Amino acid sequence: MTDRSRPDLDDDVVTALGKLSESLETVEQARGLLYGFHQLTGKADRLLQEAVEQFRAAGQTELADTLERDLVGRNVIADRWTFQVVEDFDASYWSAFREADQRARDQLSGGDRHVLEARMKQRERTVGHPRHEAGPALD
């Protein structure tokens, strides 16, 4: 394994790559929240359908019909269910962000990821101390 801290790279380049990586990680977190929104909205719709059936069984047919007509299967935003929002996000933003990050790393660091963190590890570890190894075959 090679030295992932890439001492051959300029500090400013490594810092910028680190910021880009952090930015992508934030987009990944947002994507996770979006998938959570997708799943929770789907769960809410299934629970709503159960409530509709319970109202119907309780003789509250008019209320059940209104809830079913107005809310069950409703678009969460104009013309879209959450799966469409997730797909649009993935296709138009998330994938473009990942490609840009990969392009920058390919161009500047030979594709290496987390160079900033590798440098931080080199600075902060205690050389020779157990569990502070640089990495496989680097000590």
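## Lining of the largest cavity

By class, four nonpolar, four polar and four charged residues line the largest cavity of this predicted model. Nonpolar covers Ala, Val, Leu, Ile, Met, Phe, Trp, Tyr, Cys and Pro, charged covers Asp, Glu, Lys and Arg, and polar covers the others, Gly among them. A cavity is a set of points, on a 1 Å grid over the protein atoms alone, where a 1.4 Å probe fits but cannot get out, and lining residues have an atom within 4 Å of a point.

The lining consists of Val14, Leu17, Gly18, Ser21, Asp101, Arg105, Ser109, Asp112, His114, Val115, Leu116 and Glu117. Helix 1, helix 3 and helix 4 (115-124) each give two or more of these residues. Helix 1 has the largest share, four residues. Helices are DSSP runs (H or I, at least four residues), numbered from the N terminus.

## Cavity volume

The whole structure holds one cavity of 30 Å³ or more. The volume of the largest cavity is about 70 Å³, a volume being the space filled by probe spheres set on grid points joined across faces, edges and corners.

## Largest pocket

The largest pocket (an open set with protein on both sides within 12 Å along at least five of seven lines) has a volume of about 210 Å³. Its lining has 13 residues, with Thr41, Gly42, Asp45, Arg74 and Trp81 nearest the centre. Helix 1 (11-57) and helix 3 (82-109) are the elements giving two or more residues to this lining.

The largest share, six residues, is from helix 1. The pocket lining divides into six nonpolar, five polar and two charged residues.

## Basis

Residues are numbered from 1 along each chain as its sequence is written. In this predicted model, local features need pLDDT of at least 70 and side-chain atom pairs count only at pLDDT 80 or more, while totals for chains, interfaces and linings use all residues; side-chain values use heavy atoms, with hydrogens and water left out.
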